[in-house]
Amino acid sequence: MSEKTKDVVETSEAEIAVHWQEEAYFHASPGFIGQANLTDESIFERFALKNFPDYYTEFAELLTWYKYWDEVLDSSDAPCFKWFKGGLINASYNCIDRHLKANKNKTAIHFVSELEDEAIQHITYQELYVRVNEFAALLRDTAKLKRGDRVTIHMPMSAELPITMLACSRLGVIHSVVFGGFSASACADRIVDSQSRVLITMDAYYRGGKLLNHKAVDEEACQIAAEGGQVVDTLLVWQRYPGKNSSDTPAVEGRDIIVNDELKKYYGVRVEPEKMLSEDPLFLMYTSGTTGKPKGCQHGTGGYLAYVTAMSKYIQDIHPEDVYWCMADIGWITGHSFIVYGPLALCASTVIYEGVPTYPDAGRCWRIAQALDVNIFHTAPTAIRALRKVGPDEPAKYTYNFKHMTTVGEPIEPEVWKWYQKEVGKEKAVIVDTWWQTETGGFLCSTVPGLQPMKPGSAGPGVPGIHPVIFDEDGNELPAGSGKAGNICIQNPWPGMFQTIWGDRPRFVKNYFERYCKNLDSKDWRDWPYLTGDAAVQAPDGYFRILGRIDDVINVSGHRLGTKEIESAALTVNEVAEAAVVPVAHEVKGKEPDLYVALKPGFKASDEIVKKIDEAITYQIGKIAKCRKIWIVPDMPKTRSGKIMRRVLGAISNHGDVGNVMTLANPEVVEEIKKMVG
Ligand code: WT7
């Protein structure tokens, strides 16, 4: 184990674990339990490790297959596991076509504009079918995309985004959706890495009341990608207002195609869904890790879809008659799994909201819930904290009826959980705190809402079929109730797990398995515990409490930022010699990055340099990576071997105890920095 990881687990995390107070349980109402999808306790016995992997056929049977699988799990290429091998399936068919017979007039998607006076769009399953088919034809015939090609999608929250994704999956084209708020440069990196010759965008969208020119960002992304060696030969541009251009960025002849015009050629065209192998990739989702470059998590088709459908049914408790609103952005894994694929596979109505949850005021979310009769609500602690801060009494002013709520993305403070339960859930809704990751496709830990009580601040035990374990640095298991924090791993593979890092299998093995794998040549799944990168502690009742990342990742507003990515951005500024990012606690966002930089000899600190660094970060990554403060320090605190002591900087930023710094190479600088930060 690296020196740094050891530091973290042994000091701050362990202390948190020891000082952690157990919370009392909350129980679901008999009314909820009476209607819940999963109330049969025998699930835990059926999904015991001794029955692995066959229990997962229960999940796969929720889907419609062209041909059933020959083998549930193929481990011959471990840790690149293949699920439901030999099975043939199409994700678009499962999310649309199979519902038409009974439910074609049911709403599949409610699209809510940020502008409150714009009518809500209600898109039926039949309409979704027509639009996905026509757009798939365009992708095939105009953009010349075929099975196995990658396409980058850089779109805002809109009904056209799931239409685009489902059209890709209909053709077997691997989509790579990049969060709309990412900068041109971040988008370009993903275009290059996935070798996408087609980029799909939208001309504009509303954010905080302003119509933003999004096409301009992708114009620049195309230029940067070309410099990086990947030419975008086709840029497909959806219009925010069909028939009208909302961006004044000029079109490039021969490259740009206005989708809404081009679609007229495909009126009424139908495209047969491709019969994909279960293990064919469905999409890539880039995420931050321990190195400067984001990695493309590759998710498969049959396994992923089976897993998210089962999680949507059993943990989210989605029934076809439910109106389900997940407030995440589709550009993150939560949106892929729990706005698009899971709810649509179950024939529910899913809500897509374009803008800021508190625009134009703190009551907006609850008005949407009231207008659409939303009964399942899914969001992140950062949004809950923000809503609680700006409008603690707002929910009470509206009439809506949530039966179920989710929190996801970061640890939730018990106080915030209780506000969510009382004010937003009106003491009626159950809450699930779902712990998982981009890599995992779906949930790892959560309570089963109809079977297990809730405990504020704890995610819960592993979901059925997931068998977590906490290891200390030597690989010893820390049992429930040990009071010690360690690295939480998953003992078994599962169908929703990513297949590899796109184009980088060695990194996949190194980052996620090497740490606790005893035999790197093993073909036995038991030898490949999955390292999540989180620290956790397990209470005597078996519930896991997630403490946070043990690697170089900061969780800002439930979004993952790599400290190395921010540091690399800062280092693009000529004057900067060294950069170090540390997380600082923030009351709404959870964490925020603080950036320390040391300049090259001959340069003096100035507001101008700070501004340059700030701009470089926005340029390279986007506004989401904005640092709370950029501190230009005379020198970085370092060990004698020259390693920057981020832990010391973190303690200074958080006004904590820096500990004994006398063994550092330059202890005097610690005092100087402390004075500066105050
Ligand atoms: C990291 C994954 C899960 C989808 C959205 C974020 C943290 C996630 C929880 C939770 C405490 C959580 C972990 C994890 N995290 N959910 N319920 N309680 N922490 O996906 O961007 O891949 O981030 O988010 O640290 O490793 P992601």
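## Annotated domain

The UniProt record, an unreviewed entry, places the feature "domain: AMP-binding enzyme C-terminal" at residues 565-643; such annotations may be inferred rather than shown by experiment. In residues 565-643, the end C-alpha atoms lie 18 Å apart, and the span is 27% helix and 32% strand.

## Basis of the model

This is a predicted model, in which local features need pLDDT of at least 70 and side-chain atom pairs count only at pLDDT 80 or more, whereas totals for chains, interfaces and linings use all residues. Residues are numbered from 1 along each chain as its sequence is written.

## Overall fold

The protein contains 20 helices and 30 strands, taken as DSSP runs (helices H or I, at least four residues; strands E, at least two). Its radius of gyration, over C-alpha atoms, is 24 Å, close to the 26 Å that the globule rule gives for 678 residues, so the protein is as compact as a globular protein of that length. The rule is 2.2 Å times the number of residues to the power 0.38.

Of the 678 residues, 54% count as buried, meaning that 20 or more other C-beta atoms, placed from the backbone, lie within 10 Å of the residue's own.

## Packing of α5 and α7

Helix α5 (residues 91-103) packs with helix α7 (residues 160-171) at an angle of about 120 degrees, and their axes are 7 Å apart. The axes are lines fitted to C-alpha atoms over the stretch in contact, with angles from 0 to 180 degrees between N-to-C directions.

On the α5 side, A91, S92, C95 and I96 meet L166, S169 and R170 of α7; contact requires C-beta atoms, placed from the backbone, within 7 Å.

Key:
Buried ≥ 20, exposed ≤ 12 C-beta atoms within 10 Å, placed from the backbone. Contact = placed C-beta atoms within 7 Å.
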